Amino acid sequence: MPRENYRDRLDDLREGVVEMGETVCDRLDDAVEAAVSGDDDLARSVIEGDHEVNETYLALEDECTELLALQQPVAGDLRLVAASFKIITDLERVADLATNLADYGGPDGGVHPAVDVRRLGEAAREMVADAVAAYAARDPDACRDIAARDDDFDERCRRASEAVVRELLEADRARTEARDADGDADGGATDDEALEASLDEVSQALLAVRDLERIADHAVNIAARTLYMVENDDELIY
């Protein structure tokens with residue numbers, strides 16, 4: 001293969017990864033909105049559109065494999081192809097998590113109000129977008145900044161999970177006290193149904209928080225692979 005064509009393919013690979021990242025961020029925006037609003041049509045569009053991300057992933061994966069097998073890149077070129085291969089995997093998983101989020105809103109409304117899905121979702125999305133931008137710009141300082149933000153995001157997720165569980169316990173205690181005050185011995189079945197519904201809602205909220213935390217982790221992975229690509233520095237990988 002002529003050297004010019006080889007360089008063009010590396011440039012096209014970079015552009016393809018960035019475009020995939022932009023698409024995934026758009027899907028994540030829609031997923032967060034669906035989770036907040038309970039918009040079933042929007043959720044369905046996110047879920048049904050996931051195959052497009054998968055097709056992009058497979059096409060870029062094939063390109064990485066072919067470049068490695070046929071061109072045997074070395075040094076910086078090798079790091080670019082290897083990092084890109086890892087990064088598209090992270091982006092594909094972010095898209096999968098976005099489909100989960102979209103589905104959590106459900107037909108009866110959004111995720112439990114104790115979880116500020118919009119703010120957490122926007123923060124996670126910003127981390128992914130910034131990581132993709134760092135890859136595009138080959139910016140090592142941005143990579144380190146994204147990794148540094150992850151601890152704060154994890155803490156926000158921890159507080160959100162605690163708030164959900166605390167509200168569940170308080171609601172259950174309030175139902176028990178109200179039943180005891182009324183002397184309603186037959187209210188147990190109704191309370192059990194209410195508790196089961198609350199448990200389902202809380203479980204869904206906790207899953208949403210977990211998935212948002214994982215999305216932020218994938219953003220850090222992208223930043224880590226980019227830092228390795230740019231500076232041959234694996235400090236964020238391990």
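Buried residues, meaning those under 20% relative accessible area with a 1.4 Å probe and protein chains only, account for 42% of the 238 residues in the protein chain. This is a predicted model, in which local features need pLDDT of at least 70, side-chain atom pairs count only at pLDDT 80 or more, and totals for chains, interfaces and linings use all residues. Residues are numbered from 1 along each chain as its sequence is written, and side-chain values use heavy atoms, with hydrogens and water left out.

The protein chain has seven helices and zero strands. Helices are DSSP runs of H or I with at least four residues, strands are runs of E with at least two, and both are numbered from the N terminus. Of the contacts (heavy atoms within 4.5 Å) between residues at least 6 apart in sequence, 82% join residues at least 24 apart.

Axes are lines fitted to C-alpha atoms over the stretch in contact, and angles run from 0 to 180 degrees between N-to-C directions.

| Pair | Axis distance | Angle |
|---|---|---|
| α3 and α4 | within 10 Å | roughly 165° |
| α2 and α4 | 9 Å | about 160° |

Helix α3 covers residues 50–71 and helix α4 residues 75–104, and their axes cross at roughly 165°. That angle makes α3 roughly antiparallel to α4, a term for angles over 145 degrees. The contact is made by residues including Tyr 57, Leu 60 and Leu 68 of α3 and Phe 85, Ile 88 and Ala 95 of α4. By class, the residues of this contact are 11 nonpolar, five polar and four charged. Here Ala, Val, Leu, Ile, Met, Phe, Trp, Tyr, Cys and Pro count as nonpolar, Asp, Glu, Lys and Arg as charged, and the others, Gly among them, as polar.

Helices α2 and α4 are likewise roughly antiparallel to each other. In this pair, Ala 43, Val 46 and Ile 47 of α2 meet Ala 98, Thr 99, Ala 102 and Asp 103 of α4. Their contact residues comprise five nonpolar, one polar and one charged.

Leaving aside residues up to four places away in sequence, Phe 153 touches Leu 120, Ala 123, Ala 124, Met 127, Leu 212, Glu 213 and Ala 216.

Note on methods: Angles under 35 degrees count as roughly parallel, over 145 as roughly antiparallel, 65 to 115 as roughly perpendicular and the rest as oblique. Buried means under 20% relative accessible area, exposed over 50%, partly exposed in between (1.4 Å probe, protein chains only).
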